[in-house]
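Student: Could you take me on a close look at the loops of this model, with their backbone and their exposure? I would like one connected account.

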Amino acid sequence: MFTERTSVGLDVHARSVAAAAIDGVTGEVFKTRLVPSSEQILGWVRDLPGPVAVAYEAGPTGFGLARSLTGASIRCEVVAPSKLQRPAGDRVKTDARDALHLAKLLRLDEYTPVRVPSVAQEAARDLVRAREAARSDLMRARHRCSKLLLRHGIVYYGGKAWTHKHDDWLLSQRFDQPGTQAAFEDAYEQVVLVTGRRDRLDAIITAMAADSEFTTMTRRLGCLRGIGTLTGFALAVEINDWDRFTGASIGAYLGLVPSEHSSGATRAQGAITKTGNTHVRRLLVEAAWHHRKPYRPTAILRRRWEQAPPPVVARAQAGNRRLHQRWAHYAERKKRPVVANVAVARELAGWCWSLATMAE
């Protein structure tokens with residue numbers, strides 16, 4: 001409930017900030033344009049009739065402004081842009097109008113706040129996303145290298161690709177044309193460099209997963225099949241506050257529920273919404289494939305269980321059995337594997353939430 005006297009809306013950009021404030025006692029509206037400096041914004045807010053509450057949209061400018069305002073004992077709400085309500089007939093959009101609109105929504109409590117992570121949590125998130133970027137870069141570099149060879153009719157038949165044996169085969173390739181040889185060497189060099197990047201980040205993440213505030217959560221999630229140290233740490237870092245969800249709502253947050261357009265007696269469902277955290281959604285979809293095979297605890301899984309509380313392990317075992325049963329059920333119904341896997345991923349998200357929130 002809004003209890004402050006003045007509501008402030010900020011439309012924050014990289015080089016400018018449009019600010020608007022509404023005095024709830026006099027009805028006076030204050031507008032100005034500021035530079036994106038926390039000190040200048042804080043000075044302007046302090047000059048307003050207090051107490052004051054501030055809101056701005058989450059975006060690429062990060063959470064530094066929110067931390068500065070909160071540190072000065074000023075309530076600051078970071079708002080989810082996709083959840084903002086806008087009039088259907090409003091066809092004029094400017095920074096000043098956006099700031100005033102935010103100030104009005106803040107006063108009416110008609111907004112969805114975004115959780116502001118701590119500095120340590122944001123640093124861990126940066127690390128996880130850097131690793132995700134390295135993984136994507138490596139996939140593209142490998143594709144460029146292999147497709148260059150394919151264009152020249154060179155295909156590897158010696159087994160699994162990107163092993164030491166495959167690497168020796170790549171190094172043995174030679175081309176008559178200097179341009180092609182230079183292009184191949186550049187593509188291969190990029191694969192080697194990005195692989196080194198990924199491996200270094202993997203080592204740092206593994207060390208943090210073993211000794212940090214995310215260790216307990218990582219070990220809990222690792223009790224499920226398909227969720228190793230890297231995946232468990234990424235889930236723990238990206239979602240962090242699991243208590244804000246339920247077993248049903250976490251699937252919607254990650255965009256794993258079907259889209260729907262229903263009216264009257266007509267009900268039409270489509271593909272999944274793909275809203276929310278793309279990184280977490282990809283991790284869960286990849287992990288869900290592991291539940292397709294019959295459930296037999298491996299030595300690696302048993303070692304993970306030794307690091308988690310017994311109630312969590314028992315719950316995870318039930319989840320592993322249940323998720324394979326869902327796969328078998330979809331197979332009996334002749335569901336396409338990709339469709340079935342997304343459905344299993346949605347349920348896997350619920351099991352992750354269950355392990356993360358259950359008491360020891």
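Predicted model: local features only at pLDDT ≥ 70, side-chain atom pairs only at ≥ 80, totals over all residues.

Let's begin with Lys334, which sits in the loop between helix H12 (310-332) and helix H13 (337-357). Its relative accessibility is 74%, so Lys334 counts as exposed. The backbone deserves a look as well: phi of Lys334 is positive, near 60 degrees, in a residue that is not glycine.

A positive phi near 60 degrees also turns up at Trp162, again a residue other than glycine. Trp162 belongs to the loop that runs between helix H4 (119-151) and helix H5 (164-171). With 28% relative accessibility, Trp162 falls between the two cut-offs and therefore counts as partly exposed.

Stay with the loop between H4 and H5, because Val155 lies there and its relative accessible area of 35% makes it partly exposed.

Finally, turn to the loop between helix H1 (38-46) and strand S4 (52-57), where you will find Pro51. The backbone feature here is a peptide bond: Gly50 and Pro51 are joined in the cis form, with omega at about 0 degrees.

Definitions and conventions:
Residues numbered from 1 in each chain as written. Heavy atoms only, no water. Helix = DSSP H or I, 4+ residues; strand = E, 2+ residues; numbered from the N terminus. Buried < 20%, exposed > 50% of the residue type's maximum accessible area, 1.4 Å probe, protein only.
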